[in-house]
Amino acid sequence: MAVKKEKSIKFNFDVSAYRLIGRELITDRITALFELVKNAYDANAENVTVEFIDINPLTPNSKIIIKDDGIGMQFSDIKNKWMVIGTSSKRRERLSPAPHKRKVAGKKGIGRFAVDKLGDKLVLRTQKKNSTELLCLETDWSYYSKLEDSQLKLNFEDEKPFFTDVENKYWYDNGDKEVQGTTLEISQVNEIWTENDISRAFKELSKLVPPNPSKTNAYPFNITIKSPYKDFNNVKVKTQLIDFATKKVELTFDKKEGVQEILQYKKGSLNKIKVPKRPCGFLKLTLYYFDQAAKSKYKKYFNSDIDGIKIYRDDIITTPFAEYVADQNKQKDILGIDKRRWSGFFDRFGTRDLLGYVEITDENNPQIIESTNRQGFVDNEAWEELRKFIIEQIVQLESYFKNVKKVERENTKSSLGVANQDLKTLKKEIASVKKEASPKVQAKLRSIEANLGKIQGSVTKSIKDYSKLEKESKQQENLFMSLVSLQTYAAMFSHMTKHTLGHILTGAEYFYNNYPNPNLEDRFISISKSIYKEMLKLRKGVDFMLKYAKSDTELEEINLKELIVNLFDNIYVDRLNEEGIRTIVEIKDNLILNYNRKAIEDIFDNLISNSIKALKNNNEKIIKCSSLTSSDEVTILFSDNGIGIKEKDKHRIFDIFYTDTAEEGGAGMGLYMVKTRVEAMQGNIEVIDNEFNPTGATFKITLPFKK
Amino acid sequence: MEVTFVIIDDNKEIEEHPLLFTLEDKFKNVKFYSNPQDGLDYIKNNLDINLIVLLDIEFSKDDKLDGHDLLKEIHNSSSLIPVILWSGINQTNEEFSDFINNRAFGFLSKDCSLEEAMLIVDKAFNNLKNSLDNTIEDWIINNESDKDKPIYFTSSGESYTLNEILKEIRLQTPIGKEFSSKLNSLTIDLLLRKKENL
């Protein structure tokens, strides 16, 4: 067979491509405006005006004009950049030209197609400084769409012009030498812009730069909106000052020292502490928390909702947060703050309680990348860590306010008590006055006394209700905590049940099938023995399970050694054997604690399951539990020789939802629960230097003896 | 047909499991190994007899081999042995793909009843009974005189008697595999050319 000559063929764009990269990619008008204003920012503009003419109702003269005083374009720019889809110029040059040297906001080189969303026809006029020529370019999107329509009716594939075949007209006008910049004149406007729409545009454009730009900016960026509406006649877009917040927190970093500030709640106060750099890179976080009262003030004053935390990169907002959403409740929870609420429980903050901004930079956080569809960020480690970072700070803030509430509650309770006392004194006084008063006054006083009695009754009831309520919510919380560890237990329990049931079931079945049979006597004996043994195992499992359902307040005398040995040798025996873990218990036989059994079991339950996870990849696996007693307290050391706890994590391992073992099903509840339980006993838990070398973890629990 | 059951499970209590008793009652030969390596060695040394294996999946971490490895090893030694997985854990699909690749015969849950278990066991038994090697064995039992007749000649000039071929098949040697495959082709050819009827 003769070898045929090779030829080549090119890809081409159908005319409909203008839709795909324009109105179908950028789905709403406000994002479109946003993109165009961002282009002005990238062109070093210091002033941008967005002018709306005749936009309600629409007329043949309706126009949207976006005018900037940026560096403008010459013909080669138009030809090689503006007219090239996906131009790489902004990806190559990550800084705008000197002297501004802004980090460019656009990257994908398609923002200008957003024009198509606003109107069908665009006349672009642009001029470089010191040039007398004003370069004009006309693009008629309606021509593309007409072409597309007519092509649909044609059957001759070969004769169809492609997207890239359509000619766009350009010409030169005379320009003023002193002027520079680019003007986009969009006509044949698609949709009516109501005052509400303009107001939305205003609000969204105000998000473009952070509320307080990082430094005194030598090259400001001003946006002005002009429209027929009175309130937006000629108004400068300003970032809303954030006011009325209940609490403001600012976190920063020190690059030289290599440290990042984070929040830490400890014993009633909220502090900033310095930790080593996180995998997400250095960042600044400003967080405002609004309580109910502050929220309504904010809303009333700014006429907008508190809308969560946004991420700014190099002083400009990142694209996922630049998407406009009409209904704030439908706004995507990119950071996953609200998600915690559904999975979480008490005292949680949501995006409606928090306002804030994270400031990152290309230099410090190169791995945080906005995904091309603008809906989120590329899911990588850095992004995951950034999310974790933010959530962690929120958690600390939550703990702080949880405590504030607690203190308030106690105050309420005691002021109720005081009121009750006052009432008693008052009654006494009235009683003493009554004796000496005239019959008329006495009658009056009697009725006052009766009323006082009623008030006193309701105060007493309030106090009672209050305590009851408090107790109930505490119970609820305890129940929730138990449920989480119950989940882990349930997995083990069902595994055990399955084996045991299988044994019992088949044993009974064997009997049923074969009994009586003198030849099988030995077997019947061994089977009945095993049924008995398996039943005992099952009973133990059920007992343990039942304890979870039991009320949480009973105190009993507990032999600590027995309790731990029971956990190791009975409850966890299968898991430990399976993993090849050796256990060492060095606790005095007579160490008795008078506490709630479940609480203590919970503590060790969680510590053991933690250790099992940490030992996963060890060859030699040891878990050790030892105790030391002094006259007023007992110290328990719980150690393993597993992977250990990284220095940078030591301060946060007790935080709720902090987990290093998500892959093994860790939910970040375990150590939090341990800490809560220990603290409920007036005890303390901390991570100390590991007992085993070279790696491992040692927890030190101190419990006071009750006097 | 004689068959030997090999049960491998690191839990020693399984030795007294009613399923093992039932198998012993019905099939007589039951071997229990709590050490996976011992079990595997037994299988490898007894490829010339009929075996059915019941295999646990999760072994303690001290054992170098788990059920997955064992299955692979057994399958590599001989594809004729039905291996039934007998486990207390619910396997995810992904792990099951390994079982499909290594041709596990079936899966028994540790909590299934004897009746349910015996359904799969009997299926494995019948499967074994209808296999080529057992057909040859039955032939030899019924026609003792054919035992030493050479029936297969290789291109290198060696000849194999019916009894020798049986062993080669059971040991899954290249000669045994070659013979099985050629025999199947021959049968199909004969049927197609209407030289034989079944």
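**Notebook: chains A and B**

I checked confidence first: chain B averages a pLDDT of 86, and 91% of the residues score at least 70. pLDDT is the predictor's confidence in each residue, from 0 to 100. This is a predicted model, where local features need pLDDT of at least 70, side-chain atom pairs count only at pLDDT 80 or more, and totals for chains, interfaces and linings use all residues. Residues are numbered from 1 along each chain as its sequence is written, with chains lettered from A and ligands numbered from 1 in the order in which they are written.

Confidence is lowest in helix α4 (residues 93–101) of chain B, at a mean of 61. It is highest in strand β1 (residues 4–8) of chain B, at 96. Helices (H or I, at least four residues) and strands (E, at least two) are DSSP runs, numbered from the N terminus. For the complex, the predictor gives an ipTM of 0.75 and a pTM of 0.45.

**Sheet of chain A**

I traced eight strands in an open, mixed sheet, in the order β5-β4-β3-β6-β2-β1-β7-β8 (chain A). Two strands pair if DSSP finds at least two bridges between them. β5 (169–174) and β8 (234–237) of chain A stand at the edges with a single partner strand each, so one side of each has no neighbour in the sheet. The twist averages 20 degrees from one strand to the next. Axes are lines fitted to C-alpha atoms, for helices over the stretch in contact, and angles run from 0 to 180 degrees between N-to-C directions.

I followed β7 (residues 222–226) of chain A to β8(A): four bridges join them, and they run antiparallel. A:T224 stands opposite A:K236 in β8(A).

Helix α7 (residues 195–205) of chain A packs on the sheet, touching β1, β7 and β8 of chain A. Its direction makes about 180 degrees with that of β7(A). Contact means C-beta atoms, placed from the backbone, within 7 Å.

**Helices of chain B**

Notes:
Two residues are in contact if their C-beta atoms, placed from the backbone, lie within 7 Å.
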